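Trainee: I am new to this structure and would like to go through it carefully with you. Could we look at it together, starting with how its helices pack?

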Amino acid sequence: MSASSFAHKFAAAAGRSPKKWLCAERIAEARMLLAQNMPIDRVASLTGYGNRYHFTQIFTKVEGLPPGRFQRLALRKQ
């Protein structure tokens, strides 16, 4: 199967492209790890981002706030 065929079939089944699905899964895992007070550098590494800067950019774009702020708010709610 070609990459484009896979992408079309995946999008039809999952409701979004493979790239968007993977990003959402990584960010969901990052939210969970941040709520457990794991260091941001470690969260970035465990969720497959090459560095903290790139992780922070993507996380902020998806969640609307930087991971450090998300973590402080999550820990405050516990």
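Trainee: At what angle do α2 and α4 pack?

Mentor: This is a predicted model, where local features need pLDDT of at least 70, side-chain atom pairs count only at pLDDT 80 or more, and totals for chains, interfaces and linings use all residues. Residues are numbered from 1 along each chain as its sequence is written, and side-chain values use heavy atoms, without hydrogens and water. Helices are DSSP runs of H or I with at least four residues, numbered from the N terminus. With axes (lines fitted to C-alpha atoms over the stretch in contact) 11 Å apart, and with angles running from 0 to 180 degrees between N-to-C directions, α2 and α4 pack at about 100 degrees.

Trainee: Which term describes α2 relative to α4?

Mentor: Angles of 65 to 115 degrees count as roughly perpendicular. The angle here is about 100 degrees, so α2 is, relative to α4, roughly perpendicular.

Trainee: Which residue forms a salt bridge with E63?

Mentor: A salt bridge is a side-chain nitrogen of Lys or Arg within 4 Å of a carboxyl oxygen of Asp or Glu. E63 in helix α4 (residues 52-63) has a partner 32 residues apart, in helix α2 (residues 18-35). The closest N and O atoms are 2.7 Å apart, and the partner is R31.

Trainee: Is E63 buried, exposed or partly exposed?

Mentor: Buried means under 20% relative accessible area and exposed over 50%, with partly exposed in between, using a 1.4 Å probe and protein chains only. The value for E63 is 25%, so E63 counts as partly exposed.

How values were computed
Helix = DSSP H or I, 4+ residues; strand = E, 2+ residues; numbered from the N terminus. Parallel < 35°, antiparallel > 145°, perpendicular 65-115°, else oblique.
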